Each structure stands twice: as C-alpha cells, then as structure tokens.
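Keep the viewer open as you read.

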Amino acid sequence: MKKIILILIFCFFFKNAFANVNLAYLDVQYIIDNSNLGKFYKSEIKKIQDSYKSDIISKEKEIKNKESELNNQKNLLKQEEITNKLNEIKELIKEYQKFRNEVNKEISLEKKKYSKEILSILNPLLTEYVDIKNITLVIEKKNVLVGVKSLDITNDILKTFNEKTKKLNKINEN
C-alpha cells in the first residue's frame with residue numbers, strides 16, 4: 001500500500017515537473033538596429049554627427065597649428081611668451097574637449113530618445129505576439145547561452161514591427 005501511494009505521489013510530482021512552458025528569446029538590439037525605423041533614426045544621428053564634424057576638425061587643426069607654430073618659434077621667443085602661448089593652447093584644448101563632450105552628450109541623448117521611441121512601439125507589439133502565440137516567457141537573447149533556433153522570435157517581431165511602423169508613418173513623420 002505504501003508503495004502505491006509513493007508511486008502516485010511520484011507520478012503527481014513528475015507530471016508537474018514537465019509542465020508545458022512555452023519559452024522564446026528575442027534580440028531587442030537587433031530589432032533596434034535593423035528595423036526600418038531604427039535605420040532611419042541611425043541616419044538622423046549620422047546627420048547630427050556630420051553637422052559637427054567640420055567644427056571638430058577645424059578646432060583640431062587650429063590647436064595643431066598653434067602647437068607647431070610654438071614649436072617653430074621656441075628658440076626665438078622669451079620664456080614668458082612661450083608660457084603665454086602654452087596657456088593659450090591649453091585654453092583651446094579645454095574648449096575643444098568641452099565642445100566634444102557637449103556633442104557626445106547630445107548624440108547620446110538622441111540615441112536614448114530614439115531607442116525609447118522604438119521600445120514604446122515594440123513593447124505592445126511584443127505583448128500582443130506573446131498572447132497570440134501563448135508564450136509564457138520571453139528572454140533577451142544576450143542572456144541565452146544556448147538555445148534552439150526555433151525559439152528565436154526576433155525575425156517575426158522585426159517583420160511585425162516594420163509593418164506597424166509603416167502603418168504609423170513613423171519614418172515620414174520625422
């Protein structure tokens with residue numbers, strides 16, 4: 001009798017151990033980088049970078065010119081004049097670094113803004129997809145060590161995302 005009870009209890013727990021759990025994984029960064037909207041936003045960021053590129057190059061050239069001018073005149077100038085020119089170059093370098101930091105900060109803020117916008121569209125899409133496909137858990141692909149390719153839903157979500165953004169006219173809006 002004890003054996004039968006143990007077997008029933010074992011079967012009961014064994015059955016629960018193999019409960020049907022539907023898993024999938026998704027590469028969100030791939031969607032951000034390769035979606036039509038993501039590519040559009042990348043081109044917008046590239047435009048911002050290009051707009052500052054000439055300013056950065058001109059400031060770099062100015063600093064290099066001042067340094068080479070100082071090196072050429074070192075033997076002819078008094079120590080006081082050399083110190084003044086060095087201080088002038090240091091100020092130019094500080095201004096240049098400040099400008100570069102501001103540009104990088106602006107670009108970083110734009111990237112965050114665009115990623116946030118993409119994710120605001122992606123999250124409801126993903127929720128709807130999970131409900132339709134009866135998926136219990138979606139894991140970020142970067143956290144998956146090994147997985148069956150059939151569990152990767154990235155391409156399905158990417159297609160759906162591109163269709164949704166096309167309907168919303170997100171690319172033409174900006």
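You'll find Leu26 in strand β1; helices (H or I, at least four residues) and strands (E, at least two) are taken as DSSP runs and numbered from the N terminus. This is a predicted model, in which local features need pLDDT of at least 70 and side-chain atom pairs count only at pLDDT 80 or more, while totals for chains, interfaces and linings use all residues. Residues are numbered from 1 along each chain as its sequence is written, and side-chain values use heavy atoms, with hydrogens and water left out.

So what does Leu26 touch, not counting residues up to four places away in sequence? With contact meaning heavy atoms within 4.5 Å, the list includes Ile31, Leu126, Val138, Ile139, Ile153 and Ile157. Thr154 is on that list too, and the C-alpha atoms of Leu26 and Thr154 sit 4.9 Å apart in space despite a gap of 128 residues in sequence.

Now zoom out to the core. A nonpolar core here is a set of buried Ala, Val, Leu, Ile, Met, Phe, Trp, Tyr and Cys residues joined through side-chain atoms within 4.5 Å. The largest one has 30 residues, and Leu26, Ile31, Ile153, Ile157 and Phe161 are the members that touch the most others. Two or more residues each come from β1 (23–26), α2 (28–34), α3, α4 and α5 (154–168). Helix α4 gives the largest share, 13 residues.

Leaving out residues up to four places away in sequence, Phe161 touches Ile31, Ser35, Leu37, Ile118, Ile121, Leu122 and Leu125. Lys164, in helix α5, also contacts Ile121 and Leu125 once neighbours within four places are set aside. Is Lys164 buried, exposed or partly exposed? Lys164 counts as partly exposed because its relative accessibility is 37%. Lys164 and Leu122 are 42 residues apart in sequence, with 9.3 Å between their C-alpha atoms.

Helix α4 deserves a look of its own. With 55 residues, α4 reaches 77 Å from its first C-alpha to its last, close to the 81 Å expected at 1.5 Å a residue; that expected span is 1.5 Å times one less than the number of residues in the helix. Glu110 is in this helix, α4, and Glu110 counts as buried because its relative accessibility is 19%. Beyond residues up to four places away, Glu110 touches Ile45 and Ile48. Asn134 belongs to the loop between α4 and β2 (137–140), and it counts as exposed because its relative accessibility is 57%.

Next, the rings. Rings of Phe, Tyr and Trp (its six-membered ring) pair if their centres lie within 6.5 Å; planes under 30 degrees apart count as stacked, over 60 as edge-to-face and the rest as tilted. That rule gives 3 aromatic pairs. One of them joins Phe40 and Tyr41 in a tilted arrangement, 5.8 Å centre to centre with 50° between the planes. Another is the stacked pair of Tyr41 and Tyr114, at 4.1 Å centre to centre and 5° between the planes. This pair links distant parts of the chain, with Tyr41 in helix α3 (residues 36–73) and Tyr114 in helix α4 (residues 79–133), 73 residues apart. Phe40, Tyr41 and Tyr114 form one aromatic cluster. Phe40 and Tyr41 are both buried, and Tyr114 is buried as well. Elsewhere, Lys59 lies over the face of Phe99, 5.1 Å from the ring centre; to qualify, NZ of Lys or CZ of Arg must be within 6 Å of the ring centre and within 35 degrees of the ring normal.

Finally, the overall picture. The protein has 6 helices and 2 strands, running α-β-α-α-α-β-α-α from the N terminus on. Of its 174 residues, 25% count as buried. Among contacts with a separation of 6 or more, 85% are between residues 24 or more positions apart. The accessible surface comes to about 13,300 Å², with 55% belonging to carbon and sulfur atoms; areas come from the Shrake-Rupley method with a 1.4 Å probe, and for residues only the protein chains shown count as cover.

Definitions and conventions
Buried < 20%, exposed > 50% of the residue type's maximum accessible area, 1.4 Å probe, protein only.
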